[in-house]
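Colleague: Could you walk me through the labels you put on this one? I'd like to know what each term rests on.

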Amino acid sequence: MKSKEFTKQFLFQIQPGWKIIDVGAGNGHFSRLFVERGAIVTAIEPSSKIAEEESIQVIRTNVEDFIRTDVGKYDAVFIRNVIQFLSKDWVYRALFPWIDTHLVVNGLIGVETFFKEPSPPFENSIKSLYGLKELADEFPGWQILLKDEYEHYDSDMRGKKRLFYATDLIMRKVAPKEV
Ligand SMILES: C[S@@+](CC[C@H](N)C(=O)[O-])C[C@H]1O[C@@H](n2cnc3c(N)ncnc32)[C@H](O)[C@@H]1O
């Protein structure tokens with residue numbers, strides 16, 4: 001399945017010792033995979049879905065509050081199935097610029113989101129939808145490692161089957177050109 005390709009490609013890039021933020025980490029499934037690859041993981045998750053674990057630094061807050069105070073530098077940011085629940089204006093005006101500033105040169109961002117509302121739609125409404133091009137355009141000059149838009153029929157987090165319309169993007173921050 002194509003969503004697995006997104007995760008596989010992201011995992012493949014990770015080097016031991018990398019500092020990674022998992023934004024909206026859910027139950028921590030992906031955070032644990034990053035730890036298995038030797039990464040030092042900070043999981044930002046406001047709910048109690050993720051348990052406290054020694055190997056993961058769990059920050060139980062929303063990402064809006066996290067970026068207001070955090071001053072860390074990171075090698076990668078992973079945001080899977082989260083930004084559709086946030087305001088697009090805030091994502092473009094605050095979250096992506098923060099990521100640009102706090103990622104090291106050659107650092108990675110992996111974003112999976114929706115370009116269209118799932119069918120049947122979620123009960124709690126989705127706030128924003130993102131096409132591949134508009135998302136990539138927010139990171140001018142970055143190297144694109146994976147980009148895809150596709151449909152997949154799958155279970156949501158509660159086991160209900162839906163048709164999802166996914167946007168996947170993995171990009172590397174490149175050094176600014178010297179003048
Ligand atoms: C659909 S789940 C995805 C979980 C995980 N990233 C995955 O792909 O399995 C969305 C997650 O985002 C979290 N979330 C929602 N709003 C958030 C916010 N403002 N800041 C951080 N996380 C948020 C939810 O609590 C939920 O765990």
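Modeller: Two residues are in contact if their C-beta atoms, placed from the backbone, lie within 7 Å. Leaving aside neighbours within four places in sequence, Ile109 is in contact with Val77, Ile99, Leu103 and Met171. This is a predicted model: local features need pLDDT of at least 70, side-chain atom pairs count only at pLDDT 80 or more, and totals for chains, interfaces and linings use all residues. Residues are numbered from 1 along each chain as its sequence is written.

Colleague: Why is Asn81 called partly exposed?

Modeller: A residue is buried if 20 or more other C-beta atoms lie within 10 Å of its own, exposed if 12 or fewer, and partly exposed in between. Asn81 has 17 C-beta neighbours inside 10 Å, so it counts as partly exposed. Asn81 also has a positive phi of about 60° although it is not a glycine.

Colleague: And what makes Asn106 partly exposed?

Modeller: The count for Asn106 is 13 C-beta neighbours inside 10 Å, therefore Asn106 is partly exposed too. Its phi, near 80°, is positive in a residue other than glycine.

Colleague: Where is the cis peptide bond?

Modeller: It joins Ser119 and Pro120, with omega about -5°.
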